[in-house]
Amino acid sequence: MIRFEDVSFAYPDQGSSIRDLSFELERGEFAAVIGANGAGKSTTVRLADGLLRPSSGRVLIDGEDTRNSQVSARARKVGFLFQNPDRQICKNTVREEILFGLRTVRSEEGESALQARAERILAEFSFTGDEEPFALSRGQRQRVALASIFAAEPEVLILDEPTTGLDYRECCHIMDQIRRMNEERQVTVMMVCHDMEVVLDYASKALVMAGGRLLAAGPVREVFRNRELMEKASVLPPQVISLGLRLGDGYETADTPEAMAEAVLAHRKKEGASDE
Ligand SMILES: Nc1ncnc2c1ncn2[C@@H]1O[C@H](COP(=O)(O)OP(=O)(O)OP(=O)(O)O)[C@@H](O)[C@H]1O
Ligand SMILES: [Mg+2]
């Protein structure tokens, strides 16, 4: 669904920000892009969205080169959630906001079909539609932006730090909705995220970046357990993973606090039995 072929990119008057990036994501994959500040994560997802064009190499979305595809066709296929929802919201009510997005990418469906779509998505996100976006909390505004993207039913969802500034509950709420899109509709997700706990909970694949290059791409747990790689990328793995690696002795496979607790209890029981 997303394919980078030897992609390099430089901002005007800057050295290259992205160098020789090659990877692919299958339809329905949930990938996280991780790495230190300035590693090139945002640049990479903007290249995937077609907001930026590669200086060399190709980016293909569902087989189509972003240099040749039309903005309108791409906007329908790919939804992009910015870190700051206020960059995306421009209308006075949530209903108007959602209709605005729909009229832009699905105008051929006709007004009544779009209104029906909007009502469906409002119900799904538990909005009445009459709320004023700018009177809502930050987390709720993020959900308005997400609802507006979901309404158009994109096949690819690109997220640049979707949970920054949200409290734990809001974060779970947003991420659960994204997971549902991914699981129920096979939407391909590519998410930049600084919160490794969120990455562990939701993503299945990790793309690890440093200095504009891809260091590794693989299953999230495998990537997190690779100490050398994590150090090279200046990424701190989730605490439960670090703890498991430190303990060794079978604990390294526990990748949730619950699994760790189970492993400790099982170990204790075994020790107790051998003492007797
Ligand atoms: N608009 C821009 N103009 C010039 N250089 C830029 C621009 N945006 C990013 N860069 C540079 O490109 C490199 C990669 O930046 P990018 O924003 O992609 O990193 P990032 O991994 O998203 O970082 P962060 O974690 O801080 O968001 C950095 O060296 C940055 O300074
Ligand atoms: Mg960034």
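Me: Which strands does H1 lie across, and how do you know its angle to E2?
Reply: H1 lies across E1, E2 and E4, and runs at about 60 degrees to E2. The angle is taken between N-to-C directions, from 0 to 180 degrees, with axes fitted as lines to C-alpha atoms, for helices over the stretch in contact. Contact here means C-beta atoms, placed from the backbone, within 7 Å. Helices (H or I, at least four residues) and strands (E, at least two) are DSSP runs, numbered from the N terminus. A word on the source: this is a predicted model, where local features need pLDDT of at least 70, side-chain atom pairs count only at pLDDT 80 or more, and totals for chains, interfaces and linings use all residues. Residues are numbered from 1 along each chain as its sequence is written, while chains are lettered from A and ligands numbered from 1 in the order in which they are written.

Me: What makes E1 and E4 a pair?
Reply: Two strands pair if DSSP finds at least two bridges between them. Strand E1 (residues 2–10) and strand E4 (residues 56–61) have five bridges, in the antiparallel sense, so they meet that cut-off. Glu5 stands opposite Arg58 in E4.

Me: Why are E2 and E5 said to stand at the edges?
Reply: The open sheet has four strands in the order E2-E1-E4-E5, with antiparallel pairing. Strand E2 (16–25) and strand E5 (64–65) each have a single partner strand, so one side of each is left without a neighbour in the sheet.

Me: Why is Thr188 called buried?
Reply: A residue is buried if 20 or more other C-beta atoms, placed from the backbone, lie within 10 Å of its own, exposed if 12 or fewer, and partly exposed in between. Thr188 has 24 within 10 Å, so the residue counts as buried. Thr188 is found in strand E8 (residues 188–192), and among the residues it touches are Met1, Leu25 and Val156.

Me: How do you know that the length of H5 agrees with its residue count?
Reply: The expected span is 1.5 Å times one less than the number of residues. For the 14 residues of helix H5 (residues 138–151) that should be 20 Å, and the end C-alpha atoms are 20 Å apart, which agrees.

Me: What makes H5 mostly covered, and what does it pack against?
Reply: Twelve of its 14 residues are buried, including Val144, Leu146 and Phe150. The buried residues of H5 pack against strand E6 (78–81), helix H3 (94–105), helix H4 (111–124) and helix H6 (168–185).

Conventions
Two residues are in contact if their C-beta atoms, placed from the backbone, lie within 7 Å. Lists of a residue's contacts leave out its neighbours within four places in sequence.
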